[in-house]
Amino acid sequence: MAGIVVVFDFDKTIIDLDSDNWVVDELGATDLFNQLLPTMPWNSVMDKMMKELHAQGKTIADIEEVLKRAPIIPRVVPAIKEAHALGCDLRVVSDANIFYIETILKHLGIMECFSEINSNPGYVDEEGKLRIQPYHDFHTSSHGCSLCPPNMCKGLIIERIQASLAMEGKKRMIYLGDGAGDFCPILKLKKEDFVMPRKDFPVWKLINENRELVKAEIHGWKDGEEYEHILLQIIKTITMEENQLLSVDCKFQTIPIEALPKAVPVPY
């Protein structure tokens, strides 16, 4: 099953909210955040907010405790653990930041399930404050994608992953996401790939409006139970197809043998 790569967005795809907003709100800095937001890019605002929170006496431990309280989409953690146990290569591609993501994944006990985390750099500097930097340094050059925010083009990351996978042999990809920033990488997927957009979220609307541009098979999800069921059924279906067997590998004995839900007929 090393032939299956599952790529997860993070905010509203693993955790059930936006991590940046969660930290700002929980640490009582919402008003300042709203004042700064119109004046600079989001990524730069978050770096500024971390400086301000540090100046107010908020510590890295305070930030970590807030992150550990972040609500998780139900059934997502078991789904991730099962996909990893079945041999899938799991990766994160997120416009959050490395510090937030690693803190939460470690807290949930699933950090070791992921082979790669692609996100904005987040690190603690020598003064003990959290610094957040852009994934793409847009101050020196543009990534050139009009669909994505200046600090991160997820499509470029997917293209890099695809190129590395091509060198290792054919692999199929499953991409899960919710936001407008997930539309660009979805457009990079091939017809043998799968996309799992969160229903009634921005990427769902973009897919609805641009169905002819999406080559991958679409399976939307509305809650954690659908998320878990569809993801594991896609993994099983791919494995059965590639092995060209009617029976399933012994690892799948805990998964009900049933047809994969039909691809979503996305209306125009």
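Visitor: How do the residues of the lining of the largest pocket divide into nonpolar, polar and charged?

Guide: Before the count, a word on the model: it is predicted, so to speak of local features we need pLDDT of at least 70, and side-chain atom pairs count only at pLDDT 80 or more, while totals for chains, interfaces and linings use all residues. Residues are numbered from 1 along each chain as its sequence is written, and side-chain values use heavy atoms, with hydrogens and water left out. Ala, Val, Leu, Ile, Met, Phe, Trp, Tyr, Cys and Pro count as nonpolar, Asp, Glu, Lys and Arg as charged, and the others, Gly among them, as polar. On that basis the lining splits into nine nonpolar, seven polar and nine charged.

Visitor: About how much space lies in the largest pocket?

Guide: Picture a 1 Å grid over the protein atoms alone: a pocket is an open set of points with protein on both sides within 12 Å along at least five of seven lines, and lining residues have an atom within 4 Å of a point. Points are joined across faces, edges and corners, and a volume is the space filled by probe spheres set on them; the probe is 1.4 Å. For the largest pocket that comes to about 560 Å³.

Visitor: Which element gives the largest share of that lining?

Guide: Helices (H or I, at least four residues) and strands (E, at least two) are DSSP runs, numbered from the N terminus. Helix H1 (19-26), helix H3 (42-55) and strand E2 (89-97) each give two or more residues to the lining of the largest pocket. The largest share, three residues, comes from E2.

Visitor: Is Val 214 buried or exposed?

Guide: Val 214 sits in the loop between helix H9 (202-209) and strand E8 (217-218). Setting aside neighbours within four places in sequence, Val 214 is in contact (heavy atoms within 4.5 Å) with Phe 183, Ile 186, Leu 187, Val 195 and Ile 207. Buried means under 20% relative accessible area, exposed over 50%, partly exposed in between (1.4 Å probe, protein chains only). With a value of 5%, Val 214 is buried.

Visitor: How many residues apart in sequence are the parts that Glu 226 and Lys 199 tie together?

Guide: Glu 226 and Lys 199 form a salt bridge, their closest N and O atoms being 3.8 Å apart; the term means a side-chain nitrogen of Lys or Arg within 4 Å of a carboxyl oxygen of Asp or Glu. Glu 226 lies in helix H10 (residues 224-243) and Lys 199 in the loop between strand E7 (194-197) and H9, so the parts they tie together are apart in sequence by 27 residues.
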